[in-house]
Amino acid sequence: MEFNSKVEYWVWKNSENAPYRGYYAIDGDACFNYPINDIRALIENRYLIKKEKGRFDVNVAINFAYTIFNKCFDVKDCDFCYDFGLYNNCEYNNRVIIERNKFKKIFDISNSHFNNDNIIPVSISYNEFSLKAKFDEISSNREIIVEKCIFSDEVDFSDCTFRKKIVIKDCVFKKGIIFNRTYFVNGFSFINNDVCGCINFENCAFGGKIKIFHSKGEIYEINFTASVIKGLLELNSLRSGIFLSEDSSIKLNNIFVEPNGYLIIRNINEKHKFTGIIRDIQ
């Protein structure tokens with residue numbers, strides 16, 4: 001199925017040919033060839049309530065799988081009252097901007113593929129996530145920037161492959177964040193974030209420059225267990241120190257540092273506790 005305009009998509013969606021007739025749900029073999037540069041390019045007006053300053057309430061769930069977006073995909077200034085799901089091998093071949101939204105239910109872009117490394121970075125900024133935010137199993141060939149977002153529930157970046165740099169900065173994580181089994185090929189910056197809970201990097205591979213700076217909040221644990229350092233990983237705070245509570249720890253169990261890899265940890269507060277063994281790969 002190929003959709004070259006919103007009207008074409010809406011006609012199909014409400015027809016007998018649509019498996020989920022009347023719903024914004026696709027489960028395979030769909031391709032959007034027109035730009036989605038506004039929520040009104042995707043959602044019919046009957047599901048939208050216009051608010052002040054150009055915002056919209058979106059009163060319908062979005063559940064797309066195995067869907068290709070060949071033009072821009074911009075979602076801005078919306079309050080999503082139902083689940084927002086673009087998962088299971090959705091592909092993005094052009095600009096992606098998700099900004100100034102409130103996701104009141106589950107946000108799920110797991111197993112998405114951000115193709116085309118010549119496009120500007122994926123931007124996920126100034127959003128509020130009330131429930132789970134699922135970013136697991138993402139594959140990206142371009143830079144991703146997550147900035148000034150508030151996450152009130154679990155955040156999962158597990159099993160991802162980031163071939164370009166990913167930047168997460170100035171965000172609030174109220175229940176920690178998980179990166180387990182993720183491969184950072186060309187760098188990662190985790191800067192000036194407020195974290196309550198654990199930061200888990202178990203079984204990760206770190207290439208390029210990895211900067212984990214200026215973290216604050218109540219960090220119970222930073223876990224690097226069984227990770228591989230191929231580049232430079234620096235856990236540091238130049239301004240105020242990464243504060244760990246008395247019962248917290250930094251887990252370094254069975255970290256492997258390759259011949260060209262470096263691990264630097266400094267400016268942690270005096271109550272820090274390190275556990276584990278760091279190994280060199282010969």
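This section describes the strand pairing, the nonpolar core and the aromatic pairs of a predicted model.

Strands of a sheet pair through backbone hydrogen bonds, either parallel or antiparallel. In this model, nine strands form an open sheet with parallel pairing, and their order is 6-10-14-18-22-26-29-32-35. One of the pairings joins strand 29 (residues 209–213) to strand 32 (residues 232–236), which run in the parallel sense over five bridges; here Ile210 stands opposite Leu233 of strand 32.

In soluble globular proteins, nonpolar side chains tend to be buried together. The largest nonpolar core of the model comprises 77 residues, of which Tyr9, Phe64, Ile168 and Phe224 touch the most other members. Strand 2 contributes the most to this core, with four residues. When residues up to four places away in sequence are not counted, Phe224 touches Phe201, Phe206, Ile212, Leu233, Leu235, Ile250, Lys251, Leu252, Asn253 and Ile255.

A pair of aromatic rings is described by the distance of the centres and the angle of the planes. The structure holds 44 aromatic pairs, and two of them are considered here. The ring centres of Tyr24 and Tyr47 lie 5.7 Å apart with the planes at 85°, and because an angle over 60 degrees counts as edge-to-face, the pair is assigned to that class. Tyr24 belongs to strand 2 (residues 24–32), whereas Tyr47 is in the loop between strand 2 and strand 3 (48–50), so that the pair ties together parts that are 23 residues apart in sequence. Both tyrosines, Tyr24 and Tyr47, are buried. Tyr24 also has a charged neighbour, since Lys13 lies over the face of its ring at 4.3 Å from the ring centre.

The second pair, formed by Phe107 and Phe129, is likewise edge-to-face, with 5.0 Å from centre to centre and 75° between the planes. Phe107 is located in strand 12 (residues 107–108) and Phe129 in strand 15 (residues 128–129), and the pair therefore ties together parts that are 22 residues apart in sequence. Phe107 is buried, with a relative accessible area of 0%, and Phe129, at 1% relative accessibility, also counts as buried.

Technical notes: Residues are numbered from 1 along each chain as its sequence is written. This is a predicted model: local features need pLDDT of at least 70, side-chain atom pairs count only at pLDDT 80 or more; totals for chains, interfaces and linings use all residues. Side-chain values use heavy atoms; hydrogens and water are left out. Rings of Phe, Tyr and Trp (its six-membered ring) pair if their centres lie within 6.5 Å; planes under 30 degrees apart count as stacked, over 60 as edge-to-face and the rest as tilted. Helices (H or I, at least four residues) and strands (E, at least two) are DSSP runs, numbered from the N terminus. Buried means under 20% relative accessible area, exposed over 50%, partly exposed in between (1.4 Å probe, protein chains only). A charge sits over a ring if NZ of Lys or CZ of Arg is within 6 Å of the ring centre and within 35 degrees of the ring normal. A nonpolar core is a set of buried Ala, Val, Leu, Ile, Met, Phe, Trp, Tyr and Cys residues joined through side-chain atoms within 4.5 Å. Contact means heavy atoms within 4.5 Å. Two strands pair if DSSP finds at least two bridges between them.
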